[in-house]
Amino acid sequence: MSLPRSELPIAAASRKPVSVSFEFFPPKTEKMQVSLWECVQRLAPLAPQFVSVTYGAGGTTRERTHETVVRIARETNLKPAAHLTCVGHAKGEVDDIARRYWDEGIRHIVALRGDMPDGQAYAAHPQGYAYAADLVAGLKRIADFEISVAAYPEKHPDAPSADFDLDNLKRKIDAGANRAISQYFFDPAVFLSFRERAAKAGITVPILPGILPVTNFAQVQKFSAACGASIPGWMADLFEGLDDDPETRRLVAATMAAEQCRILAAEGVEQFHFYTLNRADLAYAISHILGVRPKG
């Protein structure tokens, strides 16, 4: 007996196979180092398109980011991408960091403007790259890096308007970026509307939706207020009463993110980028639902 479409498995909503990528952050302690590598080893069999490693506000994790990216490249079959920002460095310093990555065999950079430390208003380094589009152009002058950049479906908090922000994304693409990775969002319609606007603006590179499985709703509320990501009212209802019930929160988070991905896959999205927060379980489960599974 054939099932109605609404009862089909989630992966069946996508006519084509999907691919995934994962984001990690560099560990601050030995215990966090162990947790990160457990996460890397758990997700590696899924053969992600790439994995990225973040760069702290103001460039505060420069060496730890470099060490993590190089270790992933040396000790796994994964293709790591290093985050690199404009903040706090002169052009020569940034160029030297990029050359170090190239010499280590790292060919993928996530080029970002970056944030100032301690929540300060952004100020370009007097001798640095002012914005991400400038950084992309500078990296392309150094070597033929594969470059990803950030996209903001609900606009960057510092952008005066959504149109201004979209124009800025177009400048980054025109400077040589190969793809964009979106800020996380929770309403699929937000991303789909943004994707349509980007296409009308002449942006033809892939835009990967950034997926954040929510395990700590209060923390996400606080962070979202700072980064400009809206939280639908229904999310508060879903997590209500679960402050002291982490297991149920995880189940709710997995269900919500899987449904988000199902809707996007049904609309033709074929690549998903997961913000793992160095925890593998939810990203692994959602990837499984999408049909991304260990080879063999």
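**Exercise 1. The second largest pocket**

Task: In this predicted model, find which residues line the second largest pocket, then sort the lining by class.

Solution. 
- Step 1. Start with the lining. Gln-49, Phe-50, Ala-73, Lys-79, Pro-80, Gly-105, Ile-106, Arg-107, His-108, Glu-146 and Arg-179 line the pocket.
- Step 2. Sort them. The classes come to 4 nonpolar, 3 polar and 4 charged residues.

**Exercise 2. The nonpolar cores**

Task: Find which residues have the most contacts inside the largest nonpolar core, and which element gives the most to this core.

Solution. 
- Step 1. Take the core itself. The largest nonpolar core has 65 residues, and Phe-272 and Phe-274 have the most contacts inside it.
- Step 2. Find the main contributor. Helix α1 gives the most to this core, with 5 residues.
- Step 3. Look around Phe-272. Leaving aside neighbours within four places in sequence, its contacts are Val-18, Ser-19, Val-20, Ser-21, Pro-209, Ile-211, Cys-261, Leu-264, Ala-265 and Leu-290.
- Step 4. Look for another core. A separate one has 24 residues, including Tyr-184, Leu-208, Phe-217 and Met-256.
- Step 5. Nonpolar side chains tend to be buried together in soluble globular proteins.

**Exercise 3. Aromatic pairs**

Task: Classify the pair Trp-102 and Phe-145, then the pair Phe-217 and Phe-239.

Solution. 
- Step 1. Count the pairs. The whole structure has 7 aromatic pairs.
- Step 2. Take Trp-102 and Phe-145. Their ring centres are 5.0 Å apart and their planes stand at 85°, so the pair is edge-to-face.
- Step 3. Locate both partners. Trp-102 lies in helix α3, while Phe-145 lies in the loop between α4 and β5, so the pair ties together parts 43 residues apart in sequence.
- Step 4. Trp-102 is partly exposed at 28% relative accessible area, whereas Phe-145 is buried at 1%.
- Step 5. Take Phe-217 and Phe-239. Their ring centres are 5.4 Å apart and their planes are at 10°, so this pair is stacked.
- Step 6. Locate these two. Phe-217 is in helix α7 and Phe-239 is in helix α8, so the pair ties together parts 22 residues apart in sequence.
- Step 7. Check burial. Phe-217 is buried at 11% relative accessible area, and Phe-239 counts as buried at 3%.
- Step 8. Tyr-184, Phe-186 and Phe-223 form one aromatic cluster.

**Exercise 4. Positive phi**

Task: Find where Ala-47 and Leu-277 lie, and give the phi of Ala-47 and of Leu-277.

Solution. 
- Step 1. Recall the general rule. Most residues other than glycine have a negative phi.
- Step 2. Take Ala-47. Its phi is positive, near 50°. Ala-47 lies in the loop between α1 and β2, partly exposed at 46% relative accessible area.
- Step 3. Take Leu-277. Its phi is also positive, about 55°. Leu-277 lies in the loop between β8 and α10, partly exposed at 38%.

Methods: Residues numbered from 1 in each chain as written. Predicted model: local features only at pLDDT ≥ 70, side-chain atom pairs only at ≥ 80, totals over all residues. Heavy atoms only, no water. Helix = DSSP H or I, 4+ residues; strand = E, 2+ residues; numbered from the N terminus. Buried < 20%, exposed > 50% of the residue type's maximum accessible area, 1.4 Å probe, protein only. Core = buried A, V, L, I, M, F, W, Y, C linked by side-chain atoms within 4.5 Å. Contact = heavy atoms within 4.5 Å. 1 Å grid on protein atoms, 1.4 Å probe; cavity = no way out; pocket = protein on both sides within 12 Å on 5 of 7 lines; lining within 4 Å. Nonpolar A, V, L, I, M, F, W, Y, C, P; charged D, E, K, R; others polar. Phe/Tyr/Trp six-rings, centres within 6.5 Å; stacked < 30°, edge-to-face > 60°.
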